[in-house]
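Open the model in your viewer and keep the selection tool at hand. The tour below goes stop by stop.

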Amino acid sequence: MKILVVDDMPLMRHVMINMLRRLEYEDITEATDGSQAIKLLKTHHYDLLITDLNMPKMNGKELIDKIRQELKLTDLAIVVVTCDDNKQTVLNLISAKIDGMIVKPFTLNTLLKQLQYVASRRDKQPQ
């Protein structure tokens, strides 16, 4: 599985990448913001995008909207990582067609369960 991790904070990107590696995911690319992620998505194929919600320049919601509407990457699984778990944020993300959400702080087990959930949802979708 080819994964793109997007977060403006280097520490959070590295924590996520280290957790993914502990779960034996090896094909991981990182982006420092939504603009860099868009450039990567235009030139490379990814199976999963894990993005922070609150970022400067282009926040996670704007990134998701561009991915779904402009790039038409409907097959890309998207997991959002955020510390914002209020009802309106969750509803906005659901309407943006994300596949999963992780609220910070989180554990390795939480990440594993979310990845398993996303994989099971993707397996059930019609091809």
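Stop 1: Select lysine 61, which is partly exposed because its relative accessibility is 25%. Here buried means under 20% relative accessible area, exposed over 50% and partly exposed in between, with a 1.4 Å probe and protein chains only. A salt bridge here is a side-chain nitrogen of Lys or Arg within 4 Å of a carboxyl oxygen of Asp or Glu. Both residues lie in helix H3 (residues 60-70), four residues apart, about one turn of the helix. Helices (H or I, at least four residues) and strands (E, at least two) are DSSP runs, numbered from the N terminus.

Before moving on, note what you are viewing. This is a predicted model, where local features need pLDDT of at least 70 and side-chain atom pairs count only at pLDDT 80 or more, while totals for chains, interfaces and linings use all residues. Residues are numbered from 1 along each chain as its sequence is written, and side-chain values use heavy atoms, with hydrogens and water left out.

**Stop 2: more charged pairs.** Side chains of opposite charge can pair when their charged atoms come close. How many salt bridges does a search of the whole structure find? The search finds eight.

Select aspartate 7 and lysine 104. Their closest N and O atoms are 3.9 Å apart, in a salt bridge. This pair links distant parts of the chain, 97 residues apart. Aspartate 7 sits in the loop between strand E1 (3-6) and helix H1 (10-22). Lysine 104 sits in the loop between strand E5 (100-103) and helix H5 (108-124). Are aspartate 7 and lysine 104 buried or exposed? Both are buried.

Next, select glutamate 30 and arginine 13. They form a salt bridge, with the closest N and O atoms 2.8 Å apart. Glutamate 30 is in strand E2 (residues 28-31) and arginine 13 in helix H1, so the pair ties together parts 17 residues apart in sequence. Glutamate 30 is partly exposed, at 33% relative accessible area. Arginine 13 counts as buried, at 7% relative accessibility.

**Stop 3: backbone details.** A cis peptide bond joins lysine 104 and proline 105, with omega about -10°. Proline 105 lies in the loop between E5 and H5.

Now select lysine 57, in the loop between strand E3 (48-52) and H3. Its phi is near 70°, a positive value in a residue other than glycine. Lysine 57 counts as exposed, at 73% relative accessibility.

Then pick lysine 72, in the loop between H3 and strand E4 (77-82). Lysine 72 is not a glycine, yet its phi is positive, about 60°. Lysine 72 is exposed, with a relative accessible area of 59%.

**Stop 4: H2 against H3.** Show helix H2 (residues 34-43) with H3. Their axes come within 10 Å and cross at roughly 20°. Axes are lines fitted to C-alpha atoms, for helices over the stretch in contact, and angles run from 0 to 180 degrees between N-to-C directions. Which residues make the contact (heavy atoms within 4.5 Å) between H2 and H3? H2 contributes Gly34, Ala37, Ile38 and Leu41. H3 contributes Leu63, Lys66 and Ile67.

Conventions: Contact means heavy atoms within 4.5 Å.
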